[in-house]
Amino acid sequence: MVDVDIYVINDEEYYLLGEEIIKDTSYLYLSKVDDEDFVMLRKRDKDDPEVLVTLDNEAEVKMASLVFANKMLG
């Protein structure tokens, strides 16, 4: 049996597909449980790692997206 981390964001459940630490920030790649084509990026709050927050700007989204794309394509 495989353990799967699930996070609830805005009353929707998301699977954790991957997590990467980049420059002391932990980024999460998430997929909606009931719609696997819907994915999102979040990062852990530096003061409270249990809290997931949105990325700060488009440059941060692009950077994190590239890291996860490279990891998935291997």
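Where is Asp-11 found? Asp-11 sits in the loop between β1 (6-9) and β2, and that loop is my way in this morning.

Hello everyone, a word on the ground rules. This is a predicted model, so local features need pLDDT of at least 70 and side-chain atom pairs count only at pLDDT 80 or more, while totals for chains, interfaces and linings use all residues. Residues are numbered from 1 along each chain as its sequence is written, and side-chain values use heavy atoms, with hydrogens and water left out. When I name helices (H or I, at least four residues) and strands (E, at least two), I mean DSSP runs, numbered from the N terminus.

Back to the loops, then. Asp-11 has a phi near 65°, a positive value in a residue other than glycine. With a relative accessibility of 76%, Asp-11 counts as exposed. For the wording: buried means under 20% relative accessible area, exposed over 50%, and partly exposed in between, with a 1.4 Å probe and protein chains only. Lys-23 also has a positive phi, near 50°, and is not a glycine either. You will find Lys-23 in the loop between β2 and β3 (25-32), where Lys-23 is exposed at 77% relative accessible area.

Now let's go inside. The largest nonpolar core has eight residues: Tyr-7, Ile-9, Tyr-14, Leu-16, Leu-28, Leu-30, Met-40 and Leu-52. Strands β1, β2 and β3 are the elements that give two or more residues to this core. By nonpolar core I mean a set of buried Ala, Val, Leu, Ile, Met, Phe, Trp, Tyr and Cys residues joined through side-chain atoms within 4.5 Å. In soluble globular proteins, nonpolar side chains tend to be buried together.

Not counting residues up to four places away in sequence, Met-40 touches Ile-9, Tyr-14, Leu-28, Tyr-29 and Leu-30. Contact here is heavy atoms within 4.5 Å.

On to the rings. How many aromatic pairs does the count come to? The count comes to two, where rings of Phe, Tyr and Trp (its six-membered ring) pair if their centres lie within 6.5 Å, and planes under 30 degrees apart count as stacked, over 60 as edge-to-face and the rest as tilted. Tyr-14 and Phe-38 make a tilted pair, 6.3 Å centre to centre with 45° between the planes. That pair links Tyr-14 in strand β2 to Phe-38 in strand β4 (residues 35-44), 24 residues apart. Tyr-14 is buried at 4% relative accessibility, whereas Phe-38 is partly exposed at 36%. Tyr-29 and Phe-68 are stacked, 5.3 Å centre to centre with 20° between the planes. Here the link runs from Tyr-29 in strand β3 to Phe-68 in helix α1, 39 residues apart. Phe-68 counts as buried because its relative accessibility is 2%.

While we are on the helix, take Glu-60. Glu-60 lies in helix α1 (residues 58-73). Is Glu-60 buried or exposed? Glu-60 counts as buried, at 11% relative accessibility. Leaving aside neighbours within four places in sequence, Glu-60 is in contact with Tyr-27, Lys-43 and Leu-55.

Last stop, strand β2 again. Leu-17 is found in strand β2 (residues 12-22), and Leu-17 is partly exposed, with a relative accessible area of 44%.
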